[in-house]
Amino acid sequence: YKVWGNSLTPSGIPDIVGVYRGQFIAVETKIPATGRLEPMQRYRISRIRARGGMVVVARSCADALQMLYHLDSGIHREDCLIENRACPYLTNKDDE
C-alpha cells in the first residue's frame with residue numbers, strides 16, 4: 001500500500017506499508033547515496049520496530065526485495081526468532 005501524503009497525514013510515515021505473510025512491513029524509499037532520513041522518519045521507524053514491525057530503508061528495489069526474501073526464505077523465523085539473533089529489519093541501525 002503506497003501512502004500518499006497530504007495535510008492530514010502525520011509526518012514521517014514510511015512511503016510503503018503493508019502486511020506480508022502476516023508480518024507488518026514498511027519501506028522508506030531514499031535516493032541512493034544521498035538520501036537521508038529526517039528526524040521524524042527516524043522516530044516513526046523506531047516506533048514501528050519497537051512494536052515488532054519490519055522496516056527497510058530502500059535505496060534500490062533490491063533493498064526492498066531483500067526484506068521479502070528474508071521472510072520467504074525462513075531466515076527470519078530460524079535466525080531472528082528461534083536463535084534470538086538481531087534481525088536487521090527489527091533493529092535500529094546507525095547507517096540509516
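The structure is a predicted model, and its protein chain holds 3 helices and 3 strands. Read along the sequence, these elements follow the pattern β-β-α-β-α-α. Buried residues account for 34% of the 96 residues in the protein chain, and among contacts between residues at least 6 apart in sequence, 52% join residues at least 24 apart.

**The sheet**

- The strands form an open sheet of 3 strands in the order E1-E2-E3, and the pairing within this sheet is mixed.
- Strand E1 (16-20) and strand E3 (54-58) stand at the edges with a single partner strand each, so one side of each strand has no neighbour in the sheet.
- With direction ignored, neighbouring strands of this sheet are turned against each other by 20° on average.
- Strand E1 runs antiparallel to strand E2 (residues 23-29), and the two are joined by 5 bridges; among the paired residues, Val-19 has Phe-24 in E2 as its bridge partner.
- E1 and E2 form a hairpin with 2 residues between them, and in this turn Arg-21 has a positive phi of about 55°.

**Helix H1**

- Helix H1 comprises residues 39-50, and its 12 residues reach 16 Å from the first C-alpha to the last, which is close to the 16 Å expected at 1.5 Å a residue.
- The buried residues of H1 are Gln-41, Ile-45, Ile-48 and Arg-49, and because they cover an arc of only 95° around the axis, they are on the same side of H1.
- These buried residues of H1 pack against E2 and E3, whereas Pro-39 and Ala-50, on the other side of H1, are exposed.
- Just after H1, Gly-52 takes a positive phi of about 90°.

**Helix H2**

- Helix H2 (residues 61-72) lies across E1, E2 and E3, and it runs at about 150° to E3.
- H2 has 12 residues and spans 16 Å from its first C-alpha to its last, close to the 16 Å expected at 1.5 Å a residue.
- Ala-64, Met-67, His-70 and Leu-71 are buried in H2; seen down the axis of H2, its buried residues fall within an arc of 110°, so they line one face of the helix.
- An α-helix has 3.6 residues a turn, so residues three or four places apart point the same way.
- The buried residues of H2 are covered by elements including E1, E2, E3 and helix H3 (75-82), while Cys-61, Ala-62 and Leu-65 are exposed on the other side of H2.
- Just after H2, Gly-74 takes a positive phi of about 90°.

**Nonpolar cores**

- In soluble globular proteins, nonpolar side chains tend to be buried together.
- The largest nonpolar core here has 11 residues, namely Ile-25, Val-27, Met-54, Val-56, Ala-58, Ala-64, Met-67, Leu-71, Cys-80, Cys-87 and Tyr-89.
- E2, E3 and H2 each supply at least two residues of this core.
- Leaving aside neighbours within four places in sequence, Ile-25 is in contact with Ile-16, Val-17, Gly-18, Tyr-20, Met-54, Met-67, Leu-68 and Leu-71.
- A second, separate core has 7 residues, including Val-17, Ala-26, Ile-48 and Val-55.
- Ile-25 belongs to the largest nonpolar core, whereas Ala-26 belongs to the second one; in a regular strand the side chains alternate between the two faces of the sheet.

**Leu-90**

- Leu-90 lies in the segment after H3.
- Leu-90 has a relative accessible area of 27%, so this residue counts as partly exposed, since buried means under 20% and exposed means over 50%.
- When residues up to four places away in sequence are not counted, Leu-90 touches Arg-49, Gly-52, Gly-53, Met-54 and His-76.
- Leu-90 and Ile-25 are 65 residues apart along the chain, and their C-alpha atoms are separated by 10.0 Å.

Definitions and conventions. Residues numbered from 1 in each chain as written. Predicted model: local features only at pLDDT ≥ 70, side-chain atom pairs only at ≥ 80, totals over all residues. Heavy atoms only, no water. Pairing = 2+ DSSP bridges. Helix = DSSP H or I, 4+ residues; strand = E, 2+ residues; numbered from the N terminus. Axes fitted to C-alpha atoms, helices over the stretch in contact; angles between N-to-C directions. Contact = heavy atoms within 4.5 Å. Expected span 1.5 Å × (residues − 1). Buried < 20%, exposed > 50% of the residue type's maximum accessible area, 1.4 Å probe, protein only. Arc of directions from axis to C-beta. Core = buried A, V, L, I, M, F, W, Y, C linked by side-chain atoms within 4.5 Å.
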